[in-house]
Amino acid sequence: MALVNTIVGALKSAAACRYAVPTSSSLLQRHNRLALGNNYNGGSAFYSNITVEKKGKKNNVGFIQLNRPKALNALCDALMKELQTALSDFSKDEEVGCVVLTGSNKAFAAGADIKEMQPREFAEVYKGDFLGFWNSISLFKKPIIAAVNGYALGGGCEIAMMCDIIYAGEKAKFGQPEILLGTIPGGGGTQRLTQAVGKSKAMEMVLTGDQISAQEALQFGLVANVYPVEELVDKVMEKAEKIASMSQIATGMAKEAVNSSYEMTLAEGIHLERRLFHSTFATILKLAINSIGSCNMGIINAKLITCKQYIRNVPLLDLKTCARIMRTAPTCFYVK
Ligand code: CO8
């Protein structure tokens, strides 16, 4: 009912997003947050519709929370531009190896901002390629995970699907309800949903506007796992920290290879995969065990006496050096 009022009142609210443009007081708030260290210091912008931080034990996970609670995180233009800026900052931050995108417990995002869209005309949206820049999320090179609690509807479902992995809280709801407004998904929903859940389920959702639960989303392969609402973000952070601890070149290439399966024939995709796989050999520090003995190597806990680096003709590495490399960069390590 409140939504009906929302739509009816939309013309009055053409400037509904104006509070999202930083005002002097919102800038002051941002400044205070920065001063308190509660915001992402590597970022160049002050945010009004999202919060941006670096998290994790190694500070290597970019964490973005959609933050328009009164509008259930509806995706207004200002929010999407802030999201784009935050992602751009994280892509340049070498420390960040994975990004988590989340919302509130009630809504990941309840769709594109209807109030903002209502007054728009065909010529304006066509000439301005309205929603075109949303796709920047899917072009983000580092792994990005959506942690979805509550509603992920319309554009909300679409930006979740632009992420590499979706995890859901057990009360999450996914849907493409645009048909109920007399329109259709415009942020990739007809394509990505079909690829994720198959034609029949996607058609049902797009043609009826019906929502699916987190459990159904899991059953249809839209999400990777479902967690209790209160545990979702912690569980997702665990996965994100694990991914962020890997070689960024390897995660970038793995992501590129998996995503190519949407764009290429099987033969082309396999060819690309093999070329990327070969190229990882240029990035790995290769160490070969020469002889086996007993040595506790901390987290690796492997047994070896001496190691030999067999690329670039570097002389034998001593045991201590080997152990140090394995402890500090175990993911960049090959034992032959
Ligand atoms: N845009 C703007 N404001 C929204 C949106 C939205 N998508 N969704 C919710 N809100 C606002 C409501 O207007 C309300 O604000 P207010 O208190 O000022 O009236 C506030 O959020 C809380 O919403 P409700 O009171 O409705 O909360 P409920 O718990 O009762 O219901 C629902 C939650 C079920 C999520 C309900 O809000 C809803 O159905 N929202 C709309 C979902 C939707 O249709 N999303 C798709 C949007 S369309 C899209 O993404 C792309 C194409 C759009 C083309 C539009 C052409 C006009």
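The model is predicted, so local features need pLDDT of at least 70 and side-chain atom pairs count only at pLDDT 80 or more, whereas totals for chains, interfaces and linings use all residues. Residues are numbered from 1 along each chain as its sequence is written, and side-chain values use heavy atoms, with hydrogens and water left out.

The chain contains 14 helices and 13 strands; helices (H or I, at least four residues) and strands (E, at least two) are DSSP runs, numbered from the N terminus. Of its 336 residues, 42% count as buried. Here buried means under 20% relative accessible area, exposed over 50%, and partly exposed in between, with a 1.4 Å probe and protein chains only. The accessible surface of the chain comes to about 18100 Å², and 56% of this belongs to carbon and sulfur atoms; areas come from the Shrake-Rupley method with a 1.4 Å probe, and for residues only the protein chains shown count as cover. Among contacts (heavy atoms within 4.5 Å) between residues at least 6 apart in sequence, 67% join residues at least 24 apart.

An open sheet is formed by six strands in the order E1-E2-E3-E5-E7-E10, with mixed pairing; two strands pair if DSSP finds at least two bridges between them. Its edge strands are E1 and E10 (225-227), each of which pairs on one side only. Neighbouring strands of this sheet are turned by 20 degrees against each other on average, direction ignored. Axes are lines fitted to C-alpha atoms, for helices over the stretch in contact, and angles run from 0 to 180 degrees between N-to-C directions.

Within this sheet, E1 (residues 50-55) and E2 (residues 61-66) pair in the antiparallel sense over six bridges, and Val52 has Ile64 in E2 as its bridge partner. The hairpin of E1 and E2 has five residues between the strands, and Gly56 takes a positive phi near 100 degrees there. Strand E2 is mostly covered, with five of its six residues buried. E2 also pairs with E3 (residues 98-102), in the parallel sense and over five bridges; in this pair Gln65 stands opposite Thr102 of E3. Further along the sheet, four bridges link E5 (residues 144-148) and E7 (residues 165-169) in the parallel sense, and Ala147 stands opposite Tyr167 of E7.

Another open sheet has four strands in the order E4-E6-E8-E9, again with mixed pairing. Strands E4 (107-109) and E9 are at its edges, each pairing on one side only. Strand E6 (residues 151-153) runs parallel to E8 and is joined to it by three bridges, with Phe174 in E8 as the bridge partner of Ala152. Helix H7 (residues 155-162) packs on the sheet and touches E4, E6 and E8; its direction makes about 90 degrees with that of E6.

Helix H9 (residues 199-208) has Lys201, Ala202, Met205 and Val206 among its residues, and these four are buried. They lie on the same side of H9 because they cover an arc of only 125 degrees around the axis, the arc being that of the directions from the helix axis to the C-beta atoms. An α-helix has 3.6 residues a turn, so residues three or four places apart point the same way. Lys199, Ser200 and Leu207, on the other side of H9, are exposed. The packing partners of the buried residues of H9 are strand E8 (173-175), helix H8 (189-197), strand E9 (212-213) and helix H10 (214-219). Gly209 follows H9 and has a positive phi, near 75 degrees.

Glu216 is placed in helix H10 and counts as partly exposed, at 28% relative accessibility. The C-alpha atoms of Glu216 and Phe174 are separated by 9.3 Å, although these residues are 42 residues apart along the chain.

Ser247 lies in the loop between helix H11 (232-244) and helix H12 (248-263). Ser247 is buried, with a relative accessible area of 18%. Its side chain reaches the backbone nitrogen of Ile249 at 3.3 Å. A polar contact is a pair of N or O atoms within 3.5 Å; within protein, one must be able to donate a hydrogen and the other to accept it, and residues adjacent in sequence count only if both atoms are side-chain atoms.
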